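These are my notebook entries on one chain.

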Amino acid sequence: MEEYAREPCPWRIVDDCGGAFTMGAIGGGIFQAVKGFRNAPSGMSHRMRGSMTAIKTRAPQLGGSFAVWGGLFSMIDCGLVKVRGKEDPWNSITSGAMTGAILAARSPQFAEEPAPASMPSAPFGDYRQYQ
């Protein structure tokens with residue numbers, strides 16, 4: 001079981017976070033290059049400029065999102081190793097499930113509280129859009 005004999009936990013978190021950032025930035029750069037090329041006006045110079053602008057704008061953001069995912073996964077994994085006292089595949093399985101749950105809980109559908117059933121809807125739309 002050499003695959004579970006990795007570096008100690010504090011360095012594992014940094015390593016996984018950096019690897020996830022790199023993977024997200026490179027993959028996002030390729031995806032954004034194609035997307036920027038297709039969405040730019042016609043003409044090769046416009047398309048190349050649109051491609052480079054899309055890469056510079058969006059690839060670091062995608063890399064950062066991947067880094068958050070990788071860092072959170074590694075932190076939960078290291079916490080489970082510490083709590084359970086052993087490294088096995090169940091730590092990775094549980095870490096993936098908990099990371100997915102935490103990141104899904106951040107979505108707007110879970111963040112806003114539903115309106116009470118007794119409250120009538122406003123005649124001109126939802127009042128919260130003006131706040």
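I looked up Gly-19 and found that, with a relative accessibility of 39%, Gly-19 counts as partly exposed; I take buried as under 20% relative accessible area, exposed as over 50% and partly exposed as in between, with a 1.4 Å probe and protein chains only. Gly-19 is found in helix H1, where helices (H or I, at least four residues) and strands (E, at least two) are DSSP runs numbered from the N terminus. I then noted that Gly-19 and Ala-67 are 48 residues apart in sequence, while their C-alpha atoms are 7.7 Å apart in space.

I record here that the model is predicted, so that local features need pLDDT of at least 70 and side-chain atom pairs count only at pLDDT 80 or more, whereas totals for chains, interfaces and linings use all residues. Residues are numbered from 1 along each chain as its sequence is written, and side-chain values use heavy atoms, with hydrogens and water left out.

**Met-52.** I located Met-52 in helix H2. Met-52 has a relative accessible area of 46% and is therefore partly exposed. From Met-52 to Gly-36 I read 7.4 Å, C-alpha to C-alpha, across 16 residues of sequence.

**H1 and H2.** I next looked up how helix H1 (residues 9–39) packs on H2: the angle is about 155° and the axes are 5 Å apart. Axes are lines fitted to C-alpha atoms, for helices over the stretch in contact, and angles run from 0 to 180 degrees between N-to-C directions. H1 is therefore roughly antiparallel to H2, given that angles under 35 degrees count as roughly parallel, over 145 as roughly antiparallel, 65 to 115 as roughly perpendicular and the rest as oblique. The crossing of H1 past H2 is right-handed, meaning that the near helix is turned clockwise from the far one by less than a right angle. I sorted the residues of this contact of H1 with H2 into 20 nonpolar, twelve polar and six charged; Ala, Val, Leu, Ile, Met, Phe, Trp, Tyr, Cys and Pro count as nonpolar, Asp, Glu, Lys and Arg as charged, and the others, Gly among them, as polar.

**H2 and H3.** Helix H2 (residues 44–84) and helix H3 (residues 89–105) pack at about 135°, with their axes 8 Å apart. H2 and H3 are therefore oblique to each other, and H2 passes H3 in a right-handed crossing. Among the residues making the contact I listed Trp-69, Phe-73 and Asp-77 of H2 and Trp-90, Ser-95 and Thr-99 of H3, with contact meaning heavy atoms within 4.5 Å. By class, the contact of H2 with H3 has eleven nonpolar, six polar and two charged residues.

Thr-99, in helix H3, has 0% relative accessibility and so counts as buried. Setting aside residues up to four places away in sequence, I found Thr-99 touching Trp-69, Leu-72, Phe-73 and Ile-76. Asp-77 has its place in helix H2 and is buried, at a relative accessible area of 6%. Beyond its neighbours within four places in sequence, Asp-77 is in contact with Arg-12, Asn-91, Ser-92 and Ser-95.

**Chain totals.** I counted four helices and zero strands, in the pattern α-α-α-α along the sequence. Buried residues make up 23% of the 131 residues. Of the contacts with a separation of 6 or more, 54% join residues 24 or more positions apart.
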